[in-house]
Amino acid sequence: MTKVLISRSRAGRRAPVAWVTVATAAAGLLVYSVMTARLHGDIRYLLACLRSGETAGFSPSEIFTHRPYFYRWFIYGLDQLTAGPTAVREAILRAVGVLLCLATGLTLRAALRRRGLPGRDADPTGAVVALVLALAPRTDFLQPEWTAALLSVLAVAAVLAVERPLPAVALGAVPLGLAVLMKYSTAATALMALLVLFAVDRMRALLLAAATGACGAVLLGFSLWQGSREWQWIRDMPRINQGSLSRQGVRPGELFARSVDFLADRAVLSPVLLLLPAALLLLLVCLPDRRERARWALVAVATAAVGLGAVVVQGNWFVYHAAALPVAAAAVWGLAVARWYGVHGRAPVCFLAAGAAAAVLTPLYSAAPQALQRSAVVWAAGLVAVGAALLDLRAARRGAGFRLPPAVPGAAVVALVAVTVWPASPHLMDRGRVGPTNADYLRTSEAKAGAAAELRRRLPDGAPVQYLAFGDVAYFVGHASPCRYPIPTFLQRTRYLPDVGTLDSYAENARCLDEDPPEYAVLDRGWFPPARVDRGLARRIEERYDCPPAPVDRLVLCRLR
C-alpha cells in the first residue's frame, strides 16, 4: 500500500496566505457550529436520563438510556465538563467533541506520515476526516455510530503508527473494542476499519481482529459485571425495535428500494458521500497496476456494503445509523485529490467543480419544488460527479488541464463539509424529500424549551417527576425522576408492540408507577397517548394521576390522586 500511494509530487509549493485563509475559514466554521448547532433530541434524551439518574442516586451503570454501558459512561464523562445554562452546556459538549475530532485527525495524519506517506497525502486525508467528523450533521454528532467511527479511525491510526506489530495491535484493540460496544450494531463500523487495514497490512488486520475480539469480550464482561441489569437490557432492547429484521423479515425488493432512498437521503445530508464514487474512480486510476485497483475497488464495495448492512439490519432507517459512511468517503476524497496532484501535477478541476456545485446547491435543495425532491435526482447528481471525474481523466490523458494552487481543493472540501451547518440545509430527509431544515429544528427546539419552561414554573423546586414523555421534554423540564427508567420507553412501546409487555424491563419500568410514585407526572400525549398503550397500564396511570382531560395541550402536568 505504501509503495503504491507514494510518488514524487509535481504540484507547486503551497501558498502560505491561501492556506492560512482556508484554515481560518475552517476554524470559523467550527466555532460557528459549536455556538449555533445545538444537540440532537437523541443526545438530549440520554443526557436527561443520566442527569436524572445522578440526582436520584443511580450511576450511569444502573440507569436505562436505550444505549449500552460504555456509551453511557462516555457521554456522562463529557457532561461532567459542562456547567451553566442549557445553551452553554450544549456548546461545551460540542466544543469537546470538535476537539476530539481534531485530535483524531492529527493522529491519523501522524500515522500516515509514519507509514511513509508524504505530507501532501497525509495532510489532506487527516484534515478532511477531522472536518467531516467535527462538522457532522446534528443527527450524527455524538451518536454511538459517530463515536464508533471516531474510535475506529483512532484504532487504525494506532495500528499504523507503531512500528512493531504486536504493540501496535495491542494499542489499537482498545479503541476498536470500544467502538464495537458503543451500540453493538457498531461492530459494523469496526469491521469497516478492519477491511481498510486489511488492504494496507493483512497481518496487522488479522492480528487486530483477534485482539479486538478478545478485548471486546473482556470489556463486555466488565460491563455485565458492573451493570446489574446490563444483560437484561441487552436482551430486551432489540425487542422494542419495531423495524428490525427479526420482526419484519427479509423482503429483498423492499429492502433494495429503501436502501436506494436511504443512500440518497444520506448523500444530501453529507454531500461528501455523493462524491464517493467519483473520488474512488480518481483514486483507482492513480494506482499503478490492475491488481491494486481490483483490491481497493473490492475493499470499497465491501466497506460500503457493511456500512449499509448495519442500517438494514436495524430496520429503522435513521440516517445516523450510517454515520461512518461519510467518514470513509472523506478519507477517499482526501487521498484521491492528493494522489491526482502527485501523479498529474494538476488539480482534478471538473471533480472539484462538481463538489463546489454540491456545496452550493444542497442548502437550496430544501427550497426546490417537490417534483425535484426525489431520490432519483440525488442519484443523478452523483452520476454527474462521476462524469466530471471522467472528464478529468480524459484531460489528464491528453496532457491538458488547469494548474490550480493546492489550496483550492482545501477550500473546496471546507465548503463541502460546511453544508451541514447552514440554516437552510436539511436536518432530516425522507426518501428524497426534505423534512425540517436546520433552522426549522432550532425553532422547534426553542418552542419545546418554552413549553417546558412554562410547565417547570408550575412545579415546586426540586420536586421529583414521573415522565410519560420523550427525553427532550425531560431534558428541558430538568426535574429528576426517582425511577431507574426516567423515560418510559418500554411502557410507550406497547403502543406499537403489545408483546413488549412480557419483558422483564417492562415490568420493572411499570413498577415505577406503583412503588412510591412522585407527586407530579409530565404527560406528552403525542408520544405517550394513554388510550393507545397497554390497557392495563393506561388504567394504572389513570388510577394514580389526575391529568387534564383531552383535548388539551399536548404537554400537560398531572397530579398524584
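Two strands are said to pair if DSSP finds at least two bridges between them, and the strands themselves (E, at least two residues), like the helices (H or I, at least four residues), are DSSP runs numbered from the N terminus. The structure shown is a predicted model, in which local features need pLDDT of at least 70 and side-chain atom pairs count only at pLDDT 80 or more, whereas totals for chains, interfaces and linings use all residues. Residues are numbered from 1 along each chain as its sequence is written, and side-chain values use heavy atoms, with hydrogens and water left out.

**View 1. Strand S4 and its two partner strands, S3 and S6.** Strand S3 (residues 465-468) pairs with S4 in the parallel sense over four bridges, and within this pairing Gln466 stands opposite Ala521 of S4. With strand S6 (residues 555-560), S4 pairs in the antiparallel sense over five bridges, and here Val522 has Leu557 of S6 as its bridge partner.

**View 2. The side chains of strand S4 and their burial.** Residues are called buried under 20% relative accessible area, exposed over 50% and partly exposed in between (1.4 Å probe, protein chains only). Five of the five residues of S4 (residues 520-524) are buried, so this strand is largely enclosed by the rest of the structure. In a regular strand the side chains alternate between the two faces of the sheet. In S4, Tyr520, Val522 and Asp524 point one way, while Ala521 and Leu523 point the other way, and all of them are buried.

**View 3. The disulfide of Cys483 and Cys512.** A disulfide is a covalent bond between the sulfur atoms of two cysteines, and it is assigned here to a pair of cysteine sulfur atoms within 2.5 Å. A search of the whole structure finds two disulfides, and in one of them the sulfur atoms of Cys483 and Cys512 are 1.8 Å apart. The torsion about their S-S bond is about 55 degrees, so the disulfide is right-handed. This pair links distant parts of the chain, 29 residues apart, since Cys483 is in the loop between helix H22 (471-477) and helix H23 (489-492), and Cys512 is in the loop between helix H24 (504-510) and S4. Cys483 counts as buried at 4% relative accessibility, and Cys512 counts as buried at 13%.

**View 4. The disulfide of Cys547 and Cys558.** The sulfur atoms of Cys547 and Cys558 are joined at 2.1 Å, and this link, with 110 degrees about the S-S bond, is right-handed. Cys547 lies in the loop between strand S5 (545-546) and S6, and Cys558 in strand S6, so the pair ties together parts that are eleven residues apart in sequence. Cys547 is partly exposed, with a relative accessible area of 23%, whereas Cys558, at 0% relative accessibility, counts as buried.

**View 5. Two cysteines without a disulfide, Cys286 and Cys350.** When the bonded cysteines of the chain are numbered in sequence order, the pairing is 1-2, 3-4. Cys286 is in no disulfide, and its nearest cysteine sulfur, that of Cys350, is 15 Å away. Cys286 counts as buried at 10% relative accessibility. Cys350 is likewise in no disulfide, the nearest cysteine sulfur being that of Cys286, and at 28% relative accessibility Cys350 counts as partly exposed.
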